[in-house]
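Dear colleague,

Here is the structure I said I would pass on. My notes on it follow below the model.

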Amino acid sequence: MTNFLPVCTALAAALALCPPLAADETTSERDIWQLDAGTENADEFGTLNPDEMTLNRAIDNATRGKIDMMTCAQGYLMTKMGNHGDARTIFRRCAEAGYTGTMTWMSYMEENGFGRDGIDPEAAARWNRQAADLGDPVAQLNYGLDLLRGRGVAPDPEAGQRWVDRAATAGDRSAIELQRSDYDYRAVTPDADESRYDKNLF
């Protein structure tokens, strides 16, 4: 089995050198998101020192439809760095290519309003449902929670429990804990902003 620890350590060290965006900067200033400016040089014979490890390459790959696991993983780094716009671009393209993990990240982006104006619980629930239908246990748990809470969808406790049960059968520990708590979603999300999940009375 390949040991990824040295690679992860080097990546973490490199990320520490990436400055955050100031409030008045935009994500179009892509040079600040690069891990390394690189020395790419293209001519009629090919490309010398191709730009392979920068976040810009991941954005370009996603934009051109060149999707792979490494490109999709860069979306996580970008959103953790505060570059939600480009993270959204990568997650959406990867989700469209069938990567269920990025569908759950799109749900997270919609639920928190990252990379857009305002939150969209309905879109968040749709992304969870799409990944859940494709068999992703995390999405099955999340969609079950959506149904239990009535967040982004009409409340349906029985359907919510069935989705949680699917996730638990797949081995998701949070889903198993939720079953043991008699499907009380607060057991697995104790730090959630409860006001967000209050039912509208009008």
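The secondary structure of this predicted model comes to 9 helices and 2 strands. Along the sequence the order is α-β-β-α-α-α-α-α-α-α-α. The chain has 202 residues, and 37% of them count as buried. Among contacts with a separation of 6 or more, 42% are between residues 24 or more positions apart.

Disulfide

The count comes to 1 disulfide. A disulfide is a covalent bond between the sulfur atoms of two cysteines. Here the partners are Cys-72 and Cys-94, with their sulfur atoms 2.1 Å apart. The pair links distant parts of the chain: Cys-72 belongs to helix H3 (residues 69-80) and Cys-94 to helix H4 (residues 84-96), 22 residues apart. The angle about the S-S bond is -105°, and the link of Cys-72 and Cys-94 is left-handed.

Are the two cysteines buried or exposed? Cys-72 has a relative accessible area of 6%, so Cys-72 is buried. For Cys-94 the value is 0%, so Cys-94 is buried too.

Aromatic residues

There are 5 aromatic pairs by the rule used. One of them is Tyr-76 with Trp-105: the ring centres are 5.4 Å apart and the planes stand at 75°, so this pair is edge-to-face. Planes over 60 degrees apart count as edge-to-face. Tyr-76 is in helix H3 and Trp-105 in helix H5 (residues 100-112), so the pair ties together parts that are 29 residues apart in sequence.

Trp-105 also pairs with Tyr-108, again edge-to-face, at 5.0 Å centre to centre and with 80° between the planes. Both Trp-105 and Tyr-108 lie in helix H5, where they are 3 residues apart, about one turn of the helix.

Tyr-76 has a relative accessible area of 40% and is partly exposed. Trp-105, at 23%, also counts as partly exposed. Tyr-108 has 33% and is partly exposed.

Which residues make up the aromatic cluster? Tyr-76, Phe-91, Trp-105, Tyr-108 and Phe-114 form one cluster.

Charges over rings

Two arginines sit over aromatic rings. Arg-166 lies over the face of Trp-163, 4.2 Å from the ring centre. The charged end of Arg-186 is over the ring of Tyr-185, at 5.9 Å from its centre.

Helix packing

Two packed helices are described by the angle between their axes and the distance between the axes. Helix H7 (residues 137-149) packs against helix H9 (residues 173-180) at an angle of about 35°, and their axes are 10 Å apart. On the H7 side the residues in contact are Leu-141, Leu-145 and Leu-148, and they meet Ser-174, Ala-175 and Leu-178 of H9. What is the make-up of this contact by class? It has 5 nonpolar residues, 1 polar residue and no charged residues.

That is what I have on this model.

Regards

Note on methods
Residues numbered from 1 in each chain as written. Predicted model: local features only at pLDDT ≥ 70, side-chain atom pairs only at ≥ 80, totals over all residues. Heavy atoms only, no water. Disulfide = S-S within 2.5 Å. Helix = DSSP H or I, 4+ residues; strand = E, 2+ residues; numbered from the N terminus. Buried < 20%, exposed > 50% of the residue type's maximum accessible area, 1.4 Å probe, protein only. Axes fitted to C-alpha atoms, helices over the stretch in contact; angles between N-to-C directions. Contact = heavy atoms within 4.5 Å. Nonpolar A, V, L, I, M, F, W, Y, C, P; charged D, E, K, R; others polar. Phe/Tyr/Trp six-rings, centres within 6.5 Å; stacked < 30°, edge-to-face > 60°. Lys NZ or Arg CZ within 6 Å of the ring centre and 35° of its normal.
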